[in-house]
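Student: Could we go through this structure together, setting each label against the rule behind it?

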Amino acid sequence: MSDSSPATPLFPPSLISASVHTGLPDGFAIRPLAREDYARGFYECLAALTWVGGGGDGGEQRPTEPEFRTRFDEMAAAAGTYFFTVVEYRGRIVGTGCLVVERKFIHNHGKCGHVEEIVVASEHRGKGLGLKMMQALESVAVAVGCYKSILNCGPRNEPFYERCGFHNSGIEMSRYFEEGRDSYHRG
């Protein structure tokens, strides 16, 4: 389904620091996720990270466009909470990441950013796009007043996040409330 309406970004593009755009490889752009991004390969990009599920057709089901738009609208309605950022190349989404802002009672009612769902399509890895994505999310976190950002990652990704300025500060623990699945199908 095609949409001829103007792009509807999830958040104001001005929250991404202008310095993030400097040094992107030719033809690449970094910007907020838009309501019109379903057909640009957003779910295909996310599927390089983990199972996305959904009711769409095909061998590996993806959410349908109406499901995408419903979730997008829910995130947009929670203004100041969800900051999905994408890397676009030749009209396709080839990278994505999200900052989820948690409002706290501690730290003088501070805000903590949670970095989630960082992925770059395999054919575009090694170009510095992951680092640019992390810089974009950091600039958004600072712009919206977060006092820190945190993330969870596996041991094999720890060196990358250290290069992005993060350090190991504890142990991740989780408790799942769904049937047991393999690591790809478990978020």
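The conversation below takes up the fold, the surface and the aromatic pairs in turn.

Tutor: Before we start, note that this is a predicted model, in which local features need pLDDT of at least 70 and side-chain atom pairs count only at pLDDT 80 or more, while totals for chains, interfaces and linings use all residues. Residues are numbered from 1 along each chain as its sequence is written, and side-chain values use heavy atoms, with hydrogens and water left out.

Student: What makes up the secondary structure of the chain?

Tutor: The chain has six helices and five strands, where helices (H or I, at least four residues) and strands (E, at least two) are DSSP runs numbered from the N terminus. From the N terminus on, the order is α-β-α-α-β-β-α-β-α-β-α.

Student: Why is the chain called as compact as a globular protein of its length?

Tutor: The globule rule is 2.2 Å times the number of residues to the power 0.38, and the radius of gyration is taken over C-alpha atoms. For 187 residues the rule gives 16 Å, and the chain's radius of gyration of 17 Å is close to that, so the chain is as compact as a globular protein of that length.

Student: How many aromatic pairs are there, and by what rule?

Tutor: The count comes to 10 aromatic pairs; rings of Phe, Tyr and Trp (its six-membered ring) pair if their centres lie within 6.5 Å, and planes under 30 degrees apart count as stacked, over 60 as edge-to-face and the rest as tilted.

Student: Why is the pair of Phe11 and Phe83 called edge-to-face?

Tutor: Their ring centres are 5.2 Å apart and their planes stand at 65°, so the pair is edge-to-face. Phe11 lies in the segment before helix H1 (18-21) and Phe83 in strand S2 (residues 82-89), so this pair ties together parts that are 72 residues apart in sequence.

Student: And why is the pair of Tyr38 and Phe68 called tilted?

Tutor: Here the centres are 5.9 Å apart and the planes at 50°, so the pair counts as tilted. Tyr38 lies in the loop between strand S1 (28-32) and helix H2 (42-47), whereas Phe68 is in helix H3 (residues 65-77).
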